[in-house]
Protein chains: 2
Amino acid sequence: MTSKSLRADAERNRRQVVAAAGEVFAERGLDAPLDEIARRAGVGNATLYRRFPTRCELVAAVFADTLREVVAAAEQSLVHPDPWTGFAEHLSFVCELQATNRALADLFIARLSGVPELERLRARAFRHLVEVIDRAKSHGALRQDFTHEDVALVLMANAGLVERMGDAAPTASRRHLSNLLHGLRATPPSAVAAPPTQRQVLRAMTTLAERHGCAS
Amino acid sequence: MTSKSLRADAERNRRQVVAAAGEVFAERGLDAPLDEIARRAGVGNATLYRRFPTRCELVAAVFADTLREVVAAAEQSLVHPDPWTGFAEHLSFVCELQATNRALADLFIARLSGVPELERLRARAFRHLVEVIDRAKSHGALRQDFTHEDVALVLMANAGLVERMGDAAPTASRRHLSNLLHGLRATPPSAVAAPPTQRQVLRAMTTLAERHGCAS
């Protein structure tokens, strides 16, 4: 092999690992087994560890673009003519990302560190979020006692809901946020998302029981 | 050994296993390893499996009394002079139980089956909860579009919040429910619980990053 084809080979391996990691993280969360990622990428464990010596470097390779999207979304929300809508839309955007991907559910609430690029993006996303909140408060649209820390509670609760509801009720996350926003707005909003059906909730509850080995 | 002392021995073993299971489930959740329970009870795995052939039988032995407490609390809420307070207090009671015990966090939302006693108690607790909701709605205190399924969302979100927040912010669960109740009440309530501090939230987020092996 020439050194050029060696580089091409290495680059192809890298792309396969990142693609596989994206799938496995999405399905199983940020703590998914690295062995499974190597297996799905069709590379050996040694190759994976050579390219990404820490889990966090792999997380950064997979999710840096998503964090850039979050930053861009926050910038849009900041210039929305209605500060309440800007706030509600941005929180909905982040909760929706959490709902579609188990790794993203925890990416926003775990203080990942060790990779400067990832830290820089997270810090920027958080700084923008704070601005979105402060703008909605300063316009009297968001309850004055809502704090930056409250956002962490919303995202942790949403991550837990998404994990437990699974794919039984795809709208559950939207409904939960909608119920919360209803209570956060200084003046009540007009519309609330529809609740899930009984069948959807029972399906999620049965799946949870199966996970604990207690379903008949 | 006489048959009497054999029985006393068996009974002591059983109590040790149930006590150990209570501790281990509380710390690690309903899917805690049974080996760890046997170890902490000071009995062999074979003894544990002889007494409790399924995990669910062990769960029933540990938590039947708690479910009875929930049923009793719901009965009290049903006769509270103010239907809104009855509803808010009962939901707070259940969320508080979830916050104090990782197993209880999931006990209420997993459809455990296989042990008739446990199923009977869960069905009764749920029936009462539905009555508490319907009473608050029929008095115009609770939003008319709040459904029985919404309760599952509240409890799943709370379970996830409790799990992620750990012991960093003991009041996080109360604040989250309080924000929700604020949005659920047909007429706005007067008081909302205080948010957690920044230090508390950062501690939880750092712990989550450590769990994923991404803390510096």
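Hi everyone, let's start with one pair: the side chains of B:Ser173 and B:Asn158 are joined by a polar contact of 2.7 Å. Polar contact here means N or O atoms within 3.5 Å, where, within protein, one must be able to donate a hydrogen and the other to accept it, and residues adjacent in sequence count only if both atoms are side-chain atoms.

A quick word on the model: it is predicted, so local features need pLDDT of at least 70 and side-chain atom pairs count only at pLDDT 80 or more, while totals for chains, interfaces and linings use all residues. Residues are numbered from 1 along each chain as its sequence is written, chains are lettered from A and ligands numbered from 1 in the order in which they are written, and side-chain values use heavy atoms, leaving out hydrogens and water.

Now to the two chains. 53 residues of chain A are in contact with 53 residues of chain B. How many salt bridges does the rule find across the interface? There are 8, with a salt bridge being a side-chain nitrogen of Lys or Arg within 4 Å of a carboxyl oxygen of Asp or Glu. A:Asp106 and B:Arg164 form a salt bridge through their side chains, at 2.9 Å, N to O. Chains A and B also have 11 residue pairs in polar contact, both at pLDDT 80 or more.

Conventions: Contact means heavy atoms within 4.5 Å.
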